[in-house]
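User: I am new to this structure and would like to learn how to read it step by step. Could you take me through it, giving the general idea and then the case at hand?

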Amino acid sequence: MLGPADIADWDESEADRLRAEIRLLPIMRRMRDEPAATRAALGPALAARVDGFSREARRPAPELRGLLTDLRRAHA
């Protein structure tokens with residue numbers, strides 16, 4: 001499993017780093033552990049985007065950047 005220190009060393013592409021950051025967010029662990037409560041907290045639109053990421057994480061960097069930003073906002 002990746003840790004925060006691994007992200008700093010990620011140099012393959014920005015999209016790789018963004019995918020790793022998203023996967024490390026506490027909200028993603030919560031989504032696995034408490035999916036119904038997390039979906040309710042995120043709202044239907046953001047929950048659907050997380051589902052899409054979970055099914056296929058290979059997305060363009062701008063889309064990943066937006067998802068990361070929105071998930072950080074939701075967590076705050």
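Predicted model: local features only at pLDDT ≥ 70, side-chain atom pairs only at ≥ 80, totals over all residues.

User: How many helices and strands does the protein chain have?

Analyst: The protein chain has 6 helices and 0 strands, and from the N terminus on its elements run α-α-α-α-α-α. Buried residues make up 36% of the 76 residues in the chain, while the chain exposes about 4900 Å², of which carbon and sulfur atoms supply 53%.

User: Which residues of helix α3 are buried?

Analyst: In helix α3, which spans residues 26-33, the buried residues are Ile 27, Met 28 and Met 31. Seen down the axis of α3, these buried residues fall within an arc of 105 degrees, so they line one face of the helix. The face of α3 turned away from that buried side carries the exposed residues Arg 32 and Asp 33.

User: What do the buried residues of α3 pack against?

Analyst: They pack against α2 (14-24), α4 (35-42), α5 (44-55) and α6 (61-75).

User: Which residues have the most contacts inside the largest nonpolar core?

Analyst: As a general rule, in soluble globular proteins nonpolar side chains tend to be buried together. Here the largest nonpolar core has 18 residues, and those with the most contacts inside it are Ile 22, Met 28, Leu 42, Val 50, Phe 53, Leu 67 and Leu 71. Helices α2, α3, α5 and α6 each supply at least two residues of this core, and α6 gives the most to it, with 5 residues. To follow one of these residues, Leu 67 touches Ile 22, Leu 46, Arg 49, Val 50 and Phe 53, if residues up to four places away in sequence are not counted.

User: Where is Arg 59 placed, and what is it in contact with?

Analyst: Arg 59 lies in the loop between α5 and α6, and this residue is partly exposed, with a relative accessible area of 26%. Leaving aside neighbours within four places in sequence, Arg 59 is in contact with Ala 15, Arg 19, Gly 52, Phe 53 and Leu 64. The side chain of Arg 59 reaches the backbone oxygen of Gly 52 at 2.6 Å. The C-alpha atoms of Arg 59 and Asp 16 are separated by 9.7 Å, although these residues are 43 residues apart along the chain.

Terms used
Residues numbered from 1 in each chain as written. Heavy atoms only, no water. Buried < 20%, exposed > 50% of the residue type's maximum accessible area, 1.4 Å probe, protein only. Helix = DSSP H or I, 4+ residues; strand = E, 2+ residues; numbered from the N terminus. Arc of directions from axis to C-beta. Contact = heavy atoms within 4.5 Å. Areas by Shrake-Rupley, 256 points an atom, 1.4 Å probe, with all protein chains shown as cover. Polar contact = N/O pair within 3.5 Å; in protein donor to acceptor, adjacent residues only side chain to side chain. Core = buried A, V, L, I, M, F, W, Y, C linked by side-chain atoms within 4.5 Å.
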